[in-house]
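Please look over the structure below before reading my comments. They are meant for someone new to reading protein models.

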Amino acid sequence: MYSEPWNDIEDYGSSHKLALLAEIVAELSIGHVLYGKNIEILAKREDRDDVLVKSEGKYFIVHLTWSNSKEALPYPKTELYDSVELLRKKLKKDTYDF
């Protein structure tokens with residue numbers, strides 16, 4: 001499903017996946033759409049600080065700030081994709097734009 005610039009998170013070591021998850025959790029503040037939710041990392045975009053995650057059956061692209069601290073809303077910027085079809089369109093567009 002993933003093409004450049006996206007890579008499946010399973011292509012990285014588990015420590016990398018855990019570091020990304022820790023950064024996401026560190027940046028989320030109360031009121032963020034992902035705050036307090038279970039998050040599964042699916043992929044990482046190599047040319048940006050974007051991470052594709054799944055939570056509660058929805059897909060999100062989170063742009064990390066790498067501040068390692070709570071961010072003021074609307075950060076970290078997050079795009080919601082309600083369906084696999086919408087997500088695939090976005091990923092395909094990213095490939096063409098890359």
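1. Basis. This is a predicted model, in which local features need pLDDT of at least 70 and side-chain atom pairs count only at pLDDT 80 or more, while totals for chains, interfaces and linings use all residues. Residues are numbered from 1 along each chain as its sequence is written, and side-chain values use heavy atoms, with hydrogens and water left out.

2. Fold. The chain has two helices and five strands, in the order β-α-β-β-β-β-α along the sequence. Here helices (H or I, at least four residues) and strands (E, at least two) are DSSP runs, numbered from the N terminus.

3. Along its principal axes the C-alpha trace spans about 35 × 30 × 20 Å.

4. Burial. Of the 98 residues, 37% are buried (under 20% relative accessible area, with a 1.4 Å probe and protein chains only).

5. Cores. A nonpolar core is a set of buried Ala, Val, Leu, Ile, Met, Phe, Trp, Tyr and Cys residues joined through side-chain atoms within 4.5 Å. The largest has twelve residues, among them Ile 9, Leu 20, Ile 39, Val 53 and Phe 60. Helix H1 (14–27), strand E3 (50–55) and strand E4 (58–63) each supply at least two residues of this core. Apart from it lies another core, of nine residues, including Trp 6, Leu 42, Ile 61 and Leu 87. In soluble globular proteins, nonpolar side chains tend to be buried together.

6. Pro 5. This residue sits in the segment before strand E1 (6–8). Is Pro 5 buried or exposed? Pro 5 is buried, with a relative accessible area of 1%. Beyond its neighbours within four places in sequence, Pro 5 is in contact (heavy atoms within 4.5 Å) with residues including Lys 44, Arg 45, Asp 94 and Phe 98. Pro 5 and Arg 45 are 40 residues apart along the chain, yet their C-alpha atoms are separated by 5.5 Å.

7. Asp 94. This residue belongs to helix H2 (residues 84–97). Asp 94 counts as buried, at 3% relative accessibility. Not counting residues up to four places away in sequence, Asp 94 touches Pro 5, Trp 6 and Arg 45.

Definitions and conventions: Buried means under 20% relative accessible area, exposed over 50%, partly exposed in between (1.4 Å probe, protein chains only).
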